[in-house]
Amino acid sequence: MPTHHVNDKKIEKVLLVSLILQDTKQLKLEEYSLNELILLAETAGLQVIDTIKQHRKSIDSKWFIGKGKAEEIKEKIIELEADTVIFNQELSGAQVRNLEFFLDAKIIDRTQLILDIFAGRANTREGYLQVELAQLSYLLPRLSGHGKNLSRLGGGIGTRGPGETKLEMDRRHIRDRITELKKKLQEVTRHRNLHRVRRKKTNLYQVALVGYTNAGKSTLLKELTGGSNIYIENQLFATLDPTVRTLKLPSGKNVGLTDTVGFIQDLPHDLVAAFSATLEEVREADLILHVVDSTSELIEEQMDVVDEVLVDLGVQGKETIVVYNKKDICEPSQKKLIFANNSDHLFISAFDEQDLEQLKLSIQNKLLDQIRTYSIPAKEGKLIALIKKVSDVIEDKLDKDTLILTVRIHSHDAKLIEKEIKEIGENV
């Protein structure tokens, strides 16, 4: 069989294995999960040479799969000259050790593959710290199961990020490194909080884009803000570090629009925990745009994944606009499904100017959700300037020495303005 090379570098050939429990009621989801694993492997630059499925009533504690299926995989490895076997579910350290010994091949699981992709995508100090923390947290309880994996020459999938020397540290050194990484990330969080406080002081509202990976969030950010230097690629996890751009609303008011890392089915818990500083942008946002890929066959399941992560972040119940994206390439049957299941939604194409204007208007209406009329002494220039800064003025008229302002305003700001007006009245 010919050896494949890219830039004189051998492409790692992998077998993908998925265990489907017979009592599962989500066979369609399991099938999609395996297809997603293929995309993950391709995103990591691997060559998928075959996929193997097994239906079982329960997980084998020693081999994860059945012994007979393990023997079948061993034959496939020899026949197809596979370098690595990737399992679609998370394995224990003992299962990795047993499979590596029996199959004489490198074994990694879905979680490790995702962590490896994140390691390849990280391009800031914060990103590196987060990925290393997630990888070490994942590997610590499995250390005994990665002996052969780490000693293999040539690196490859599963060895990016911290590097082999760090992974071979004893448990005590890894625990020390985890503590050190957490302290460094706390400092990153502190700096991010300072930036956020400054933004709050300038009365700049924050809108966060969230969604399943590859839903088109980065494209939407670019088209809404006209931003340059935004990385857009039709691949999983194209965005790791949050990107903030200024969005001008129809009223002329500016808001901050933040793109965040895409979510995925079975997103490793260690990764969500490590990226908490990045995802803090979602927690602190005034409004969330949940971007959905309208072309996906598993819209509801993907939306559920996003909702679950938002619950983990403690942001359930926050004001949200659901945006069904990719209208321009959505099949008619899929459109019917969206309209049948959702009476309150926005169905858009990121490349349609009218759709983008409608979305901006919806953001404005959600953020400036109250209509208020204030009567302010004309001499109170500071307060009048503040009202105009935080709101959208619908009408203003002067009645002798009083300025009457009718505005659209966020409920939070309305309370602050009413407090200021009350204090002026008390001081007269």
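Predicted model: local features only at pLDDT ≥ 70, side-chain atom pairs only at ≥ 80, totals over all residues.
Let us begin with the largest nonpolar core, which has 53 residues. Those that touch the most other members are Leu-46, Ile-86, Leu-113, Phe-263 and Leu-271. Helix H5, residues 125-139, supplies the largest share of this core, with 7 residues. Which residues does Leu-113 contact, if we leave aside its neighbours within four places in sequence? They are Leu-37, Leu-40, Ala-41, Ala-44, Leu-46, Ile-86, Ile-108 and Ile-157. Another core, of 24 residues, lies apart from the largest one and includes Ala-215, Leu-224, Val-323 and Leu-359.

Leu-224 brings us to helix H9, residues 217-225, where it is one of the buried residues. Among the elements covering the buried residues of H9 are strand E7 (205-211), strand E8 (243-248) and helix H14 (353-367). Just after H9, Gly-226 adopts a positive phi of about 65 degrees.

I turn now to the aromatic rings, where the count comes to 2 pairs. Trp-63 and Phe-102 are arranged edge-to-face, at 5.1 Å centre to centre and with 70 degrees between the planes. Trp-63 belongs to the loop between strand E4 and helix H2, and Phe-102 to helix H3, so the pair ties together parts 39 residues apart in sequence. Both Trp-63 and Phe-102 are buried.

Phe-64 and Phe-87 have ring centres 6.0 Å apart and planes at 85 degrees, so this pair is edge-to-face. Is Phe-64 buried or exposed? Its relative accessibility is 3%, and therefore Phe-64 counts as buried. Phe-87, at 0%, is also buried.

Finally, the charged end of Lys-74 sits over the ring of Phe-102, 4.7 Å from its centre.

Key:
Residues numbered from 1 in each chain as written. Heavy atoms only, no water. Core = buried A, V, L, I, M, F, W, Y, C linked by side-chain atoms within 4.5 Å. Buried < 20%, exposed > 50% of the residue type's maximum accessible area, 1.4 Å probe, protein only. Helix = DSSP H or I, 4+ residues; strand = E, 2+ residues; numbered from the N terminus. Contact = heavy atoms within 4.5 Å. Phe/Tyr/Trp six-rings, centres within 6.5 Å; stacked < 30°, edge-to-face > 60°. Lys NZ or Arg CZ within 6 Å of the ring centre and 35° of its normal.
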